[in-house]
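This briefing reviews a predicted model of a protein chain.

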Amino acid sequence: MEIVELADRMWRGDKSTSTGHPLTATGAIAEIADGAAFLPAFGNCSVFSTDDGLFMVDTGSAILAEKMHAEIRGWSPDRLNCAVYSHGHVDHVGGVDIFEREAEANGWPRTRVVAQENVVGRFDRYIMTAPYNQIVNRRQFAVKGLLWPTSFRYPDETYVEELSLDIGSLGIELRHEKGETDDATITWIASKKILCTGDMFIWTSPNAGNPQKVQRYPREWAQGLRRMAQLGAEVLLPGHGMPVFGNERITQALEETAEYLESIVDQTLAMMNEGIRLSDIVSSVEPPGHLANRPYLRAIYDEPEFIVHNIWRLYGGWWDGNPASLKPANDRAVAREIAELAGGPSRLADRADALMEVGSSEAQRLAGHLIEMAWLATPEDSAIQGARRRIFTARAEAASSTMAKGVFRWAARESSGEEF
Ligand SMILES: [Zn+2]
């Protein structure tokens, strides 16, 4: 079975998550157990055949809905009885409509959609902040013209902590966990020992720090992963990336991801409790060294240092501990002052270029400050625009994560007034 082989290669690190990035991998539907199929997409979709139609965990994004529907129809002609959203992110909730239109045309009963109750508030918020979400998602994924939806298929039924479903004699256990989101559901099919994790596991270091999105819950996420490891699953179907087969590998993946998060939470809280300022905490927290090379924990989507910021926001206030930033001057006023002290904005830009030549991460970080100040001091200067574009392009190329690449690429384009 091709998918088992691919999953095995991903696990062994033989196929890199950078070339087969779990956020972009799509493919053909594959039967992974009797009556159970896995469809790799953005996000993944898991489909179960029951005595009374299909049961689905996640439905993919609206952009891929037609393709995914066709794949599923290649596996089974049965009506979609029930879909569960693993959480309310748009890449998991966009695929119901096409099944509903089909049901209407065939005179089948309407699909039942089930989710944790916080999905409702999420959809309300997505509508309230649609333009903002469009901007940050264009920036995060570096996709020009990405359109943010303004209507959603709300769930028909919600639950708070746990819910058991019986769909056509298939016993299904839903449990709410908090992790990347406050509305996550994990799905456990005990009869098949199949666990659908949603985005609690996605083959990258946990997206617990996303700089442009709402609060994440790293401590609760780790607790949820440890609970999942107790289930005795033989197949793990994630929200993104390949399945994991075999209890030993599943336990390792879940427990090590938990350990990764716990370590970052513990280090950050210990320093917060000592009254250390955010900047010093961000500079010193490191994820556990022995997990650095795990193929499912590479920081290709989010980054551990962003998780530190999220923990600070969750347990502390917005102030970073620097008295100057409590009631700061406007960034542009600070930039003009520093530029004048330096002998002009071009001196800052020249020094930024020189620091980029040094090449270390620390030098690149400093270069970012200096070129941003030069540009804020004289945003209309074309030489400085060019330097800013060059420097943030280089930083995007040097960055490992989607999040950092997206912001740096946006800054590069903004330098010359390019739309995104
Ligand atoms: Zn997702």
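Helix α1 buries A7, M10 and W11. Viewed along the axis of α1, these buried residues fall within an arc of 100 degrees, so they line one face of the helix.

- The buried residues of α1 pack against β13 and α7.
- Exposed residues E2, E5 and R12 are carried on the face of α1 that is turned away from its buried side.
- Just after α1, G13 adopts a positive phi of about 80 degrees.
- K15 belongs to the loop between α1 (2-12) and β1 (30-33).
- K15 has 17 C-beta neighbours inside 10 Å and therefore counts as partly exposed.
- In sequence, K15 and P295 are 280 residues apart, whereas their C-alpha atoms are 9.0 Å apart in space.

**The six-stranded sheet**

- Six strands make up an open sheet with mixed pairing, in the order β8-β9-β10-β11-β12-β13.
- Strands β8 (162-167) and β13 (244-245) are the edge strands, each of which pairs on one side only.
- Strands β9 (residues 170-177) and β10 run antiparallel and are joined by five bridges.
- R175 has I186 in β10 as its bridge partner.
- A hairpin is formed by β9 and β10, with six residues between them.
- Of the six residues of strand β10 (residues 184-189), five are buried, so β10 is largely enclosed by the rest of the structure.
- On to the next strand, β10 is joined by three bridges to β11 (residues 194-198), and the two run antiparallel.
- W188 has L195 in β11 as its bridge partner.
- At the end of the sheet order, two bridges join the antiparallel strands β12 (residues 235-238) and β13.
- V235 stands opposite F245 of β13.

**Helix α7**

- Helix α7 (residues 247-273) has 27 residues, which at 1.5 Å a residue should span 39 Å; the C-alpha atoms at its ends are 38 Å apart, in agreement with that expectation.
- The buried residues of α7 are I250, A253, L254, T257, A258, Y260, L261, I264, V265 and T268.
- An α-helix has 3.6 residues a turn, so residues three or four places apart point the same way.
- Packing partners of the buried residues of α7 are the helices α6 (218-229), α8 (278-284) and α9 (304-315), together with the strands β12 and β13.
- G275, which follows α7, has a positive phi near 80 degrees.

**Domains**

- The domain assignment of the protein chain gives domain 1 (2-260) and domain 2 (329-415).
- The C-alpha centres of domain 1 and domain 2 are 39 Å apart.
- Contact between the domains involves seven residues of domain 1 and seven residues of domain 2.
- On the side of domain 1 that touches domain 2, four residues are nonpolar, two are polar and one is charged.

**Individual backbone features**

- The peptide bond from F42 to G43 is cis, and its omega is near -5 degrees.
- G43 is located in the loop between β2 (36-39) and β3 (45-50).
- D58 is not a glycine, yet D58 has a positive phi of about 70 degrees.
- The loop between β4 (53-57) and α2 (65-75) contains D58.
- D58 counts as buried because 31 C-beta neighbours lie inside 10 Å.
- K193 likewise is not a glycine and has a positive phi, of about 55 degrees.
- K193 lies in the loop between β10 and β11, and the hairpin of these strands has four residues between them.
- K193 counts as partly exposed because 16 C-beta neighbours lie inside 10 Å.

Note on methods
Residues are numbered from 1 along each chain as its sequence is written. This is a predicted model: local features need pLDDT of at least 70, side-chain atom pairs count only at pLDDT 80 or more; totals for chains, interfaces and linings use all residues. Two strands pair if DSSP finds at least two bridges between them. The expected span of a helix is 1.5 Å times one less than its number of residues. A residue is buried if 20 or more other C-beta atoms lie within 10 Å of its own, exposed if 12 or fewer, and partly exposed in between; C-beta atoms are placed from the backbone. Two residues are in contact if their C-beta atoms, placed from the backbone, lie within 7 Å. The arc is that of the directions from the helix axis to the C-beta atoms. Domain bounds come from an automatic or database domain assignment. Ala, Val, Leu, Ile, Met, Phe, Trp, Tyr, Cys and Pro count as nonpolar, Asp, Glu, Lys and Arg as charged, and the others, Gly among them, as polar.
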